[in-house]
Amino acid sequence: MLELKHELKLNKTRDEKARMNFVSGLRAHVLNDMAAGMRDIYSADVEPEFRRRNRRAPKNGPEVHKAIKTNEYFKFYSSLRVTAQDMVWQSVFPPLERSRPALKQTAARLAGKKPRGTLSLQKNFEVPRYVSAIDVHLMAGNYDGEYETDDLAAGSLYDNGLAVFSFGLMGQNLDDIGQSIAGFIKRKFSDLRPKKILDLGCTIGHNTGSWKDTYPEAEVHGIDVAAPCLRYAHARAQAQNREVHFHQMNAESLNFPDNSFDVVFSSMFLHEVPKKSIEKIMKEAHRVLKPGGLMLHMELPPNDQLSPYDAFYLDWDSAYNNEPFYKPFRDLNPQEVCKKAGFSTKKYVQFVIPSVGWYGAEVRDAAADQQQSVDNDKTGRLTDGVLWYCFGAFK
Ligand SMILES: C[S@@+](CC[C@H](N)C(=O)[O-])C[C@H]1O[C@@H](n2cnc3c(N)ncnc32)[C@H](O)[C@@H]1O
């Protein structure tokens with residue numbers, strides 16, 4: 001399990017650490033070793049049986065899912081993965097419950113520290129129902145759950161939970177996505193010198209901060225609907241000496257003027273949003289982006305760029321991990337989504353970016369000089385050698 005390094009990290013007993021380590025190890029086993037075993041069983045048994053019955057190979061993810069659903073290995077894989085997911089959050093609750101008052105005190109102290117990032121929350125803010133009504137990826141209370149004044153526990157749950165969940169693949173500061181992508185963009189588009197950068201659905205700002213690291217001169221903003229995560233994001237950025245401005249805002253209707261940002265970014269955001277809202281969010285991104293600016297969404301790769309087996313594999317979360325919008329999002333064509341929002345198809349971009357933590361900056365930078373395509377085994381998949389997928393467009 002990865003140990004967080006900043007001041008807000010939870011103090012854990014030896015037993016609690018051991019439990020977290022066990023859960024991380026279990027997830028790594030399921031997502032690396034068992035996933036490889038399941039693919040072998042699919043190739044050796046499930047797919048040949050499908051061909052025998054249908055005189056053709058499966059056409060898409062749902063056909064693979066239907067064919068594999070009754071397989072004992074698949075059932076074992078799925079039940080272990082669901083259990084491990086639940087255990088991620090369960091392993092954080094005891095130290096988190098004990099630390100609630102201390103967390104609030106630390107956050108209050110950090111708020112006064114320089115450099116001064118800012119936090120603006122809104123009174124009577126309406127959190128969209130697609131956030132408030134579900135516990136996405138089995139995270140109790142979801143991002144927005146608040147149980148006392150100035151509550152930031154949901155942010156702490158996410159930070160510490162992600163450290164267990166990602167078994168080291170998201171970097172020491174859980175910002176491998178941000179560091180990989182911002183560094184890649186700087187290398188690839190050396191003329192792009194952003195003055196203002198916006199991160200949509202920033203949660204605890206772990207990937208927002210990477211933009212400030214990469215472009216220190218830029219003014220960096222992160223927005224989210226969840227107040228407890230934003231309080232935590234602000235304190236986390238202050239603890240790490242990053243000047244970032246966090247706002248409680250709905251990405252469907254941003255309170256920023258037209259043509260005000262050079263980069264509008266998001267990571268792991270759109271797949272948690274219903275299709276109608278994605279349309280609004282993309283239009284808003286287009287509106288607030290300056291002409292010549294770049295919109296970029298790091299996401300799971302779309303189904304139409306994956307083999308039927310890999311489409312099924314990534315859609316697992318939609319069926320078993322309380323991610324109702326995951327598959328509908330991945331069924332969309334990203335280029336069409338951008339076009340519908342007003343972006344020219346000529347200015348569409350798509351990248352597959354090697355994780356800087358796994359491959360190092362040299363490999364990531366070399367990738368910036370080449371054309372990359374989706375690798376079915378590694379793109380967007382939390383597995384050894386992960387590659388990050390992103391799409392977007394220049395305005
Ligand atoms: C999976 S998390 C994003 C994680 C983060 N960006 C990262 O890099 O790992 C999704 C976030 O989107 C937020 N969210 C959902 N709908 C939103 C909306 N309409 N506007 C702004 N934020 C939203 C949620 O509160 C949550 O914090």
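Start by selecting H234: once you set aside its neighbours within four places in sequence, H234 is in contact with A111, G117, L119 and F246. Keep in mind as you click around that this is a predicted model.

Now colour helix α8, residues 227-239, and you'll find H234 sitting in it. Is H234 buried or exposed? Count the C-beta atoms inside 10 Å and you get 26 neighbours; 20 or more is the cut-off, so H234 counts as buried. Next, draw a distance from H234 to L119, C-alpha to C-alpha: the two are 6.2 Å apart in space, although 115 residues separate them in sequence.

On to a pair of helices. Select α3 (residues 72-111) and α5 (residues 153-165), which pack with their axes 9 Å apart at an angle of about 140 degrees. The two helices are therefore oblique to each other, and their crossing is right-handed. To see what makes the contact, show side chains for V88, W89, S91, V92, L96, R100 and L103 on α3, then A153, S156, L157, N160, G161, V164 and F165 on α5. Colour that contact by class and you get nine nonpolar residues, four polar and one charged.

Last stop: the ligand. How many residues surround it? Select the shell and you'll have 22, with Y143, G201, T203, A251 and S267 the closest. What does this shell look like by class? Around the ligand there are 13 nonpolar residues, along with six polar and three charged ones.

Technical notes:
Residues numbered from 1 in each chain as written. Predicted model: local features only at pLDDT ≥ 70, side-chain atom pairs only at ≥ 80, totals over all residues. Axes fitted to C-alpha atoms, helices over the stretch in contact; angles between N-to-C directions. Helix = DSSP H or I, 4+ residues; strand = E, 2+ residues; numbered from the N terminus. Parallel < 35°, antiparallel > 145°, perpendicular 65-115°, else oblique. Left-handed = near helix turned anticlockwise from the far one by under 90°. Contact = placed C-beta atoms within 7 Å. Nonpolar A, V, L, I, M, F, W, Y, C, P; charged D, E, K, R; others polar. Near = placed C-beta within 6 Å. Buried ≥ 20, exposed ≤ 12 C-beta atoms within 10 Å, placed from the backbone.
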